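Take a look at the model first.

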Amino acid sequence: MTKRTLVIAAALAMTVLPAQAVFAQVTLSAQEKAQGAQAHPQLLREYGGAYTGPQADYVRRVGQRIAVQSGLSNAQSDFTVTLLNSPVDNAFAVPGGYVYVTRNLLALMNDEAELASVMGHEVGHVAARHSRARNNTSTAVGIGTTLLGALLGNSTLGQLATRGVGTVAQLGVLSYSRGQETQADSLGVKYLVTANYDPLAASSMLASLAAQNTLDARIGGKSGGAPTIFSSHPDPQGRVARTAQEAKATGYVKGARNRDTFLAAIDGMIYGDDPAQGIVDGQIFRHPSLKFAFTAPAGSMMANGTDAVTVAGQGGQQASFTGAAFGGDLDGYIRSVFKGLAPNGPSDSIAPRRFQVGGIDAASATVGANTQSGPVDVTVVAYVMDAKTAYHFVLITAQGSGVGPFQSLVDSFRRLSASEAAAIKPRRIRVVTVGRSDTVATLAARMAYPTMQVERFRVLNALAADAGVRAGQK
């Protein structure tokens with residue numbers, strides 16, 4: 001078994017194996033292609049854009065090869081397969097032949113067959129028309145739709161969709177039912193067999209994802225192995241045994257794993273946050289090019305998106321950080337943020353309070369809002385970086401709390417010095433060869449993290465708690 005450490009690569013050509021499609025009574029309709037094409041740029045924005053280079057080319061080849069097994073199309077070129085520049089563990093497909101996987105999920109895989117299993121599972125959702133069968137209102141919404149719902153009173157997510165924020169959710173990118181996941185798992189196993197991959201890869205990939213979920217929970221200070229709030233798929237642990245059983249039932253034991261090819265392909269890929277989008281390091285967010293930083297409250301969870309950083313606190317408290325056009329009027333800036341959240345709200349009458357944070361001019365205002373869960377406070381806190389640049393938090397707290405539980409977050413906003421910004425570097429996957437004196441502990445000590453190095457190393461390499469390493473392995 002080869003091992004990896006996080007410590008910048010050329011992808012080798014994928015072994016070409018004969019493919020035989022699992023023909024289904026479905027095709028890519030013109031309507032679905034148009035739907036997918038409309039959603040594609042939205043999804044790219046949401047997930048950090050496309051990751052380019054040899055890793056992306058490799059993922060595209062594997063993804064297209066497995067996608068044709070679905071019978072949706074026999075032409076690989078009909079499928080648009082994208083490696084997303086996102087630090088979130090996620091993969092999904094939308095109608096029209098659009099398939100996506102994030103680079104962090106790619107890093108969690110350990111061979112090409114596991115990559116194919118993930119792609120097959122997601123294409124299976126499309127082939128089974130799961131997006132049609134699901135309720136169009138998603139239960140896993142981002143903070144943007146949550147805020148709109150709060151500020152528009154009793155607005156439902158269905159109404160929010162008419163405001164242009166529900167398209168992606170309606171396409172089925174977020175959570176699926178247990179039955180739908182089971183069906184997609186089964187289809188994915190079949191696709192692996194017809195593409196001449198080892199069907200057990202579906203089970204081993206789900207086991208790694210379950211281990212990562214458990215580790216994420218521990219890192220976030222939560223017990224148990226439930227998926228994080230930023231995961232779009234249900235906990236995979238219960239699916240591991242079932243997919244293994246289905247794989248064994250196929251009787252196909254000669255499928256390829258293509259591990260060496262896979263490891264060569266991902267060597268040098270960015271892991272975790274891309275500094276170009278800012279870095280989450282524990283409770284601290286730093287943006288080296290925009291030169292600012294802030295610290296989330298203890299016990300909260302932070303996620304870095306393309307357009308905003310979100311912080312989830314206790315009891316439904318939420319915060320979102322982003323920027324907007326600034327013309328030099330800080331009061332007007334805050335009112336415009338509220339106007340963007342609720343065009344028909346009382347934004348014109350809002351009178352922000354001025355103050356300073358670490359020498360930075362700032363202002364804030366709080367309004368009450370009614371939600372289906374009860375009344376809340378919505379606060380906008382804005383900071384002026386220069387004559388043309390401002391940033392802001394949007395905070396949701398319990399009624400009467402105002403900034404309250406996020407006071408430390410608001411007060412932590414600061415400028416980064418040039419030296420601090422220059423010191424921020426991306427973490428990268430590095431494939432190494434195990435030496436004679438190497439152990440799990442010595443290799444894990446090279447991980448670019450200050451805590452839980454051994455745990456991270458074992459999960460990244462799919463190593464059991466009692467597994468060791470041997471000289472010569474990668």
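Q: Which residues do ring pairs link into a cluster?
A: This is a predicted model. Rings count as a pair if their centres lie within 6.5 Å. Linked in this way, the cluster consists of Phe285, Phe292, Phe294, Phe321, Tyr383, Tyr391, Phe393 and Phe413.

Q: How many aromatic pairs does a search of the whole structure find?
A: The search covers the whole structure. One of the pairs is Phe321 with Phe413. The total is 17.

Q: Is the pair of Phe321 and Phe413 stacked, edge-to-face or tilted?
A: The ring centres of Phe321 and Phe413 are 5.8 Å apart, and the planes are at 35°. Stacked needs under 30 degrees and edge-to-face over 60.

Q: How many residues apart are Phe321 and Phe413?
A: Phe321 sits in strand β11, residues 318-323. Phe413 lies in the loop between α14 (407-412) and β16 (414-415). The pair links distant parts of the chain, and the separation is 92 residues.

Q: Is Phe321 buried or exposed?
A: Buried means under 20% relative accessible area. Phe321 has 4%, so Phe321 is buried. For Phe321, then, the word is buried.

Q: What kind of pair do Phe326 and Tyr333 form?
A: Their ring centres are 5.8 Å apart. Phe326 is buried at 12% relative accessible area, and Tyr333 is buried at 2%. The planes stand at 80°, so the pair is edge-to-face.

Q: Are α4 and α10 roughly parallel or roughly perpendicular to each other?
A: Helix α4 spans residues 112-127 and helix α10 spans residues 201-219. Their axes come within 8 Å and cross at roughly 85°. Angles from 65 to 115 degrees count as roughly perpendicular. The two helices are therefore roughly perpendicular.

Q: How many residues of the contact of α4 with α10 are nonpolar?
A: From α4 come Ala113, Glu114, Ser117 and Val118. From α10 come Ala201, Ala202, Ser204 and Met205. Two of these residues are polar and one is charged. The nonpolar ones number five.

Q: What pLDDT does the protein average?
A: Of the residues, 81% score at least 70. Over residues 134-172 the pLDDT is below 50, though this stretch has 73 contacts beyond near neighbours in sequence. Where pLDDT is low, the predicted coordinates should not be read in detail. For the protein, the average is 83.

Terms used: Residues are numbered from 1 along each chain as its sequence is written. This is a predicted model: local features need pLDDT of at least 70, side-chain atom pairs count only at pLDDT 80 or more; totals for chains, interfaces and linings use all residues. Side-chain values use heavy atoms; hydrogens and water are left out. pLDDT is the predictor's confidence in each residue, from 0 to 100. Contact means heavy atoms within 4.5 Å. Axes are lines fitted to C-alpha atoms, for helices over the stretch in contact, and angles run from 0 to 180 degrees between N-to-C directions. Helices (H or I, at least four residues) and strands (E, at least two) are DSSP runs, numbered from the N terminus. Angles under 35 degrees count as roughly parallel, over 145 as roughly antiparallel, 65 to 115 as roughly perpendicular and the rest as oblique. Ala, Val, Leu, Ile, Met, Phe, Trp, Tyr, Cys and Pro count as nonpolar, Asp, Glu, Lys and Arg as charged, and the others, Gly among them, as polar. Rings of Phe, Tyr and Trp (its six-membered ring) pair if their centres lie within 6.5 Å; planes under 30 degrees apart count as stacked, over 60 as edge-to-face and the rest as tilted. Buried means under 20% relative accessible area, exposed over 50%, partly exposed in between (1.4 Å probe, protein chains only).
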